[in-house]
Amino acid sequence: MTLLSEDQSVRPQACQVLEPGKHITSSLDQYSTDHTGFKQDYMDSGESAIFGAVEPPRRSRGRLILHGMVMFGREFCYAMEAAFVTPVLLSVGLPRSLYSLVWLLSPVLGFLLQPIIGSASDYCRSPWGRRRPYIVVLGILMLVGLTLFLNGDAVVSALVSDRTQRRIWAIVVVMCGVVLFDFAADFIDGPIKAYLFDVCSHQDKERGLHYHALLTGLGGACGYLVGAMDWGHSALGQVLGSEYQVIFFFAALTWSIFLTVHLFSIPEQALGRDPSANDSSPPSALRVLGSHSNGYGTMSKETVSPAAPASVPDLRPRSFSALGEANSVTSSAKQPNKEAQKRMTFRSLMKTIINMPTHYRCLCVSHLLGWTAFLCNMLFFTDFMGQIVYKGNPYAEHNSTAYITYERGVEVGCWGLCINAVSSALYSYVQHFLLPYIGLKGLYFMGYFVFGMGTSLIGLFPNIIATLILCTVFGVMSSTLYTIPFNLIAEYQREEQEQVALQGSKETPRGTGVDCAALTCMVQLAQIIVGAGLGALVNLAGSVIVVVLSASSVSLLGCIFIALFIRYVE
């Protein structure tokens with residue numbers, strides 16, 4: 001992590017890294033050095049030194065946009081998955097009662113392994129940084145999963161002649177591709193956010209998340225737009241073989257380019273590397289710790305002159321590197337130097353969730369309800385359009401009118417999801433204007449309420465035009481889920497830190513990463529609930545219309561929960 005900004009000054013914080021040539025003084029211990037310069041107050045007390053924050057340099061808008069391009073590529077591929085997983089699985093012969101189970105395997109793995117892998121990235125000592133090695137591996141797994149998912153049926157058909165065996169192997173290969181892609185795409189979001197938080201100042205974190213949300217919406221819109229086009233009868237479709245191969249070509253190309261751009265967007269300092277080793281400038285009072293440090297970005301004392309006292313306070317930043325939406329969880333930056341590092345495990349994460357304050361636990365429950373409602377609708381929306389709105393049949397022969405009608409419904413469903421992605425990007429701007437008037441809790445309630453009412457109207461009146469218009473409410477919910485809960489976490493943390501500062505308490509503040517990781521686990525838990533229960537519900541009702549009505553019911557239940565239990569923040 002580069003500690004100095006070449007073109008912009010870092011906003012003054014409780015703890016600030018000074019340029020070479022400037023000196024540091026403490027309100028407790030003052031000392032001078034042999035270098036020329038001037039003195040500056042560093043800390044008001046030993047306690048504030050411990051909990052002070054050292055921010056990385058400010059980043060330019062261009063670098064933040066380049067960093068966020070990976071979200072464009074990720075959401076582009078996610079759009080392919082959301083639009084075509086159910087149609088592809090049904091077309092290869094998977095029974096209707098089992099198709100939702102595909103969504104169950106990946107979140108179960110994620111719920112169990114997420115804190116372990118996240119903690120491993122916190123302590124990764126690769127010379128390329130902590131996060132980027134994990135991003136590369138997960139990015140490659142996404143590409144492999146996408147290949148199996150969109151090309152599995154064609155490959156199996158070319159290799160297996162027996163019809164029964166071909167059907168079985170096609171289902172197995174496509175399911176493996178879906179699970180692998182979904183697992184990697186879910187996991188990669190955490191290291192991406194942690195990478196952003198590690199290399200950016202507080203203001204740039206907010207700007208970076210804003211660009212992430214904007215590019216996520218645009219990537220989804222482009223992905224759904226590509227899926228909505230009829231590539232089967234195009235020249236490109238004839239060259240590559242089928243519509244699915246064309247979609248794979250665009251998805252793989254987009255993901256590969258934007259992943260590469262992301263990896264080289266902002267330099268990441270390797271854990272344990274001293275950035276001053278190759279620096280010819282005079283030694284500063286602070287340096288990044290070597291291999292014996294507590295963690296990435298932890299600060300240690302360095303002897304400045306013989307006159308300097310031996311007991312300079314141990315200076316550490318607040319750790320917000322733990323996957324703001326995040327997978328990694330660490331409190332190492334808040335532990336004393338002599339204590340052993342404690343890595344997060346599934347057991348310790350569960351203990352943290354159980355013991356967290358009530359308002360954090362309520363936020364997790366509301367997030368669970370919101371994602372359950374959202375996934376109910378989004379994962380099966382194109383199937384709903386094909387079967388209910390267009391009255392097609394995914395089990396019919398592929399050259400029959402009923403199947404062609406179903407495919408047309410899926411394509412129009414992609415247009416609806418494209419509208420959702422555009423409205424999500426636009427609503428991320430609208431939130432800034434609404435926030436001063438209704439606050440975070442009001443925005444949270446409004447997102448759930450609008451989504452619940454919109455999906456209920458879609459389920460009750462499955463008309464093509466009305467459904468496409470009401471797809472805008474999906475974007476409102478999407479933007480709400482990706483921003484408001486984490487803003488509330490940040491506000492809760494800020495309040496607690498201010499209380500600690502005012503009371504002069506020596507109590508260590510709560511780890512932000514733990515709370516964010518607990519919040520993110522609710523996404524996997526929601527996917528488990530949807531995968532385990534929705535297929536049986538559809539089989540019991542005999543119609544996929546129950547999918548949209550279930551989404552509406554859970555969302556409106558979430559509205560009531562938010563109104564009653566979510567703590568208001570000024």
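Student: How do H2 and H12 lie, roughly parallel or roughly antiparallel to each other?

Tutor: This is a predicted model, where local features need pLDDT of at least 70, side-chain atom pairs count only at pLDDT 80 or more, and totals for chains, interfaces and linings use all residues. The axes of H2 and helix H12 (residues 401–460) come within 10 Å and cross at roughly 165°; axes are lines fitted to C-alpha atoms over the stretch in contact, with angles from 0 to 180 degrees between N-to-C directions. Angles under 35 degrees count as roughly parallel, over 145 as roughly antiparallel, 65 to 115 as roughly perpendicular and the rest as oblique. H2 and H12 are therefore roughly antiparallel.

Student: Which residues of H12 does H2 meet?

Tutor: Residues are numbered from 1 along each chain as its sequence is written, and side-chain values use heavy atoms, leaving out hydrogens and water. Contact means heavy atoms within 4.5 Å. From H2, the partners are Ala83, Phe84, Pro87, Leu90 and Ser91. On the H12 side they are Tyr403, Tyr406, Val410 and Cys414.

Student: And how many residues of that contact of H2 with H12 are nonpolar?

Tutor: Ala, Val, Leu, Ile, Met, Phe, Trp, Tyr, Cys and Pro count as nonpolar, Asp, Glu, Lys and Arg as charged, and the others, Gly among them, as polar. The contact of H2 with H12 has no charged residues and one polar, and its nonpolar residues number eight.

Student: Is Met69 buried or exposed?

Tutor: Good one to check! Met69 sits in helix H2 (residues 61–91), and apart from neighbours within four places in sequence it touches Leu215 and Phe258. Buried means under 20% relative accessible area, exposed over 50%, and partly exposed in between (1.4 Å probe, protein chains only). Because its relative accessibility is 16%, Met69 counts as buried.

Student: What distance separates the C-alpha atoms of Met69 and Val261?

Tutor: Along the chain, Met69 and Val261 are 192 residues apart.

Student: How far apart are the axes of H10 and H16?

Tutor: Two packed helices are described by the angle between their axes and the distance between the axes. Helix H10 (residues 358–378) and helix H16 (residues 545–565) pack at about 160°, and H10 and H16 are therefore roughly antiparallel. The distance between their axes is 8 Å.

Student: What share of the protein do buried residues make up?

Tutor: The protein has 16 helices and two strands. Of its 570 residues, the buried share is 56%.

Terms used. Helix = DSSP H or I, 4+ residues; strand = E, 2+ residues; numbered from the N terminus.
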